[in-house]
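Me: I would like to learn how to read a sheet in a protein model. Where do we begin?

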Amino acid sequence: MFRIGLRTRCFTRLPCLRYNSTTTQFSEKEIEQSKKWLESFTHSEIPTHVFDITYSRSSGPGGQKVNKTSSKATVALEPGRWLSSEVCYWIPKPVQAQLREKGIRYVTKTGGLLIQSDTSRSRDVNAEMCFKRLLEEIKSKVYFAREASEEDKEKWSQLEVDYKERKKYHKKKQSEKKKSRSRKFDW
């Protein structure tokens with residue numbers, strides 16, 4: 001507890017829980033399908049017809065070409081359409097639930113979706129980059145817990161033993177340091 005003026009504040013550490021969709025309303029089969037989807041789904045499989053793709057003048061590399069052609073790609077969804085069942089039918093339900101909970105960085109304040117790319121001189125490559133970024137962001141935000149392997153369990157137990165040894169060593173070292181500071185006077 002800390003005393004600040006007349007008030008007392010108590011700081012407690014809350015447990016950091018990782019979102020685990022296996023404890024919610026989804027079956028094991030749905031979770032397994034979602035795991036397989038995360039591993040195998042590629043950006044080229046995203047249905048581009050549900051997104052609004054526009055092209056505008058780029059400020060990226062390309063010299064005079066980018067000043068004359070519209071090579072910057074903007075992929076967007078109207079507010080309220082991101083993670084709706086008729087638009088995002090290609091995303092499994094457990095993945096959608098985690099994305100609703102965590103959010104991704106391309107979601108606008110009004111609930112839409114906006115991704116831009118002007119890294120290339122080609123408008124098609126820039127549009128493809130937008131979909132790559134979207135899929136990378138989805139895959140980085142979604143996590144499904146899995147059973148720890150025996151190798152991992154052994155590694156964790158070894159780390160715990162090493163930690164205890166280091167702690168004991170430093171405690172002994174600190175004790176010796178304090179003992180050396182004390183003076184013994186024999187009169």
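Reply: Begin with pairing: two strands count as paired if DSSP finds at least two bridges between them. Keep in mind that this is a predicted model.

Me: How many bridges join strand 3 to strand 4?

Reply: Strands of a sheet pair through backbone hydrogen bonds, either parallel or antiparallel. Here strand 3 and strand 4 (residues 72-77) are joined by 5 bridges and run antiparallel. As one example of residues facing each other, aspartate 52 stands opposite alanine 76 in strand 4.

Me: What is the order of the strands in the open sheet?

Reply: The order is 3-4-5, so this open sheet has 3 strands, with antiparallel pairing.

Me: Which strands are the edge strands?

Reply: Strand 3 (52-56) and strand 5 (113-117) are the edges, since each of them pairs on one side only. Neighbouring strands of the sheet are turned by 20° against each other on average, ignoring direction.

Me: Which strands does helix 4 touch?

Reply: Helix 4 (residues 123-141) packs on the sheet and touches strand 3, strand 4 and strand 5. The direction of helix 4 makes about 135° with that of strand 5.

Me: How many helices and strands are in the chain?

Reply: The chain has 5 helices and 5 strands. Read from the N terminus on, its elements run β-β-α-β-α-β-α-β-α-α.

Me: What percentage of the residues count as buried?

Reply: A residue counts as buried when its relative accessible area is under 20%. By that cut-off, 28% of the 187 residues of the chain are buried. The accessible surface of the chain comes to about 14200 Å², and 51% of this belongs to carbon and sulfur atoms.

Methods: Residues are numbered from 1 along each chain as its sequence is written. This is a predicted model: local features need pLDDT of at least 70, side-chain atom pairs count only at pLDDT 80 or more; totals for chains, interfaces and linings use all residues. Side-chain values use heavy atoms; hydrogens and water are left out. Helices (H or I, at least four residues) and strands (E, at least two) are DSSP runs, numbered from the N terminus. Axes are lines fitted to C-alpha atoms, for helices over the stretch in contact, and angles run from 0 to 180 degrees between N-to-C directions. Contact means heavy atoms within 4.5 Å. Buried means under 20% relative accessible area, exposed over 50%, partly exposed in between (1.4 Å probe, protein chains only). Accessible areas come from the Shrake-Rupley method with a 1.4 Å probe; for residues, only the protein chains shown count as cover.
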